[in-house]
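Here is a short note for someone opening this entry for the first time. Please keep the viewer at hand while reading.

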Amino acid sequence: MALRGNEVEVEGIKEPPPPPPLILTPTGIEGLDGIIGGGFIKGRTYLVAGETGTGKTIFSLNYLVYGASIGEPGVYLLVDEDYEDFIGGALSFGWDLEALIKKNLLSILTLLPDFAEKMKDKPIETIVKSLVFNLKNEAMRIGAKRLVIDPVAPLIMGERDPTWTRSYIRNLVISIEKEIGTTNIITSEIPTGSNALSRFGVEEFLAAGVIVLGIERIKGEFIRTLFIRKMRWRPVKPAMYLFKIETGRGIVVDGKIKV
Ligand SMILES: Nc1ncnc2c1ncn2[C@@H]1O[C@H](COP(=O)(O)OP(=O)(O)OP(=O)(O)O)[C@@H](O)[C@H]1O
Ligand SMILES: [Mg+2]
């Protein structure tokens with residue numbers, strides 16, 4: 001082909017196709033979707049981190065209860081709390097989880113008491129495979145669109161060194177995204193008084209977004225804070241918001257905190 005002027009022909013290189021539009025999953029948390037550009041990106045994993053008692057469990061349950069209300073079933077992996085206590089606590093909060101379970105809009109999985117013992121000397125891949133197998137079965141049974149692991153740290157597997165734990169969390173998150181396809185929340189406790197974003201320092205790298213919940217003391221009053229630390233591919237600036245926890249409503253994000 002004859003070329004004119006400064007025309008250049010590059011063989012074998014085509015324009016990339018336009019990117020597919022992002023499909024968003026609204027969290028349903030009052031006041032939050034508006035500030036994160038509409039919701040979470042479908043199929044990705046978000047980290048909700050915070051010190052103890054900052055509202056991580058209520059936040060993630062709020063996400064599932066809202067999902068159920070719009071016909072998006074959810075699976076919750078309950079790691080730290082007794083099942084009966086959890087159901088009872090949620091009911092006193094105004095959330096009848098058993099009613100949702102009966103309608104297959106929610107499934108709560110707990111780990112069998114001998115899980116830790118059985119998995120003690122197994123390689124990470126085996127533990128992750130077993131967890132993902134069970135989560136996937138349950139997700140398929142109810143047609144889950146949402147999934148929560150609260151908390152993601154494998155406390156029940158005894159003391160492990162941080163390298164092992166980081167590798168376990170990395171494997172688990174990657175497998176869930178690849179094999180289950182739900183939009184996920186993992187929670188992680190931040191040790192009280194630390195400046196870290198997560199307990200093991202790997203959760204934030206794997207997550208498409210990071211929300212840090214906190215409690216601050218301002219002029220002698222305690223306030224709850226929600227910090228949008230990262231939201232990949234969303235037009236969101238880091239900012240800190242006030243929020244409340246209200247029976248029956250869950251997390252209610254109030255307004256930006258000016259600093
Ligand atoms: N009905 C309610 N109204 C207002 N606040 C409530 C209500 N129920 C619980 N809370 C607040 O929520 C806090 C617990 O929230 P949540 O269990 O979600 O925290 P968490 O971050 O998951 O804690 P942990 O790290 O211990 O699991 C309580 O400490 C309490 O202050
Ligand atoms: Mg909790």
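Predicted model: local features only at pLDDT ≥ 70, side-chain atom pairs only at ≥ 80, totals over all residues.

1. The shell around ligand 1. Ligand 1 is surrounded by 13 residues. Thr52, Lys56, Thr57, Ile58 and Ile245 are the closest of them. By class, seven of the shell residues are polar, three are nonpolar and three are charged.

2. Where the shell comes from. Two elements each give at least two residues to the shell around ligand 1: helix H1 (56-69) and strand S10 (239-246). The largest share is that of H1, with three residues.

3. Gly250 belongs to strand S11, which spans residues 250-256. Is Gly250 buried or exposed? Gly250 has 23 other C-beta atoms within 10 Å. The cut-off for a buried residue is 20 or more, so Gly250 counts as buried.

4. Partners of Gly250. Beyond neighbours within four places in sequence, Gly250 is in contact with Ile29, Ile58 and Asn62. Asn171 is another matter: 79 residues separate it from Gly250 along the chain, and their C-alpha atoms are 31 Å apart.

5. Helix H2. Why does helix H2 lie largely in the open? H2 covers residues 83-92, and of its 10 residues the number buried is zero, so the helix lies largely in the open. Just after H2 comes Gly94, with a positive phi of about 105°.

Technical notes
Residues numbered from 1 in each chain as written. Chains lettered and ligands numbered in written order. Helix = DSSP H or I, 4+ residues; strand = E, 2+ residues; numbered from the N terminus. Buried ≥ 20, exposed ≤ 12 C-beta atoms within 10 Å, placed from the backbone. Contact = placed C-beta atoms within 7 Å. Near = placed C-beta within 6 Å. Nonpolar A, V, L, I, M, F, W, Y, C, P; charged D, E, K, R; others polar.
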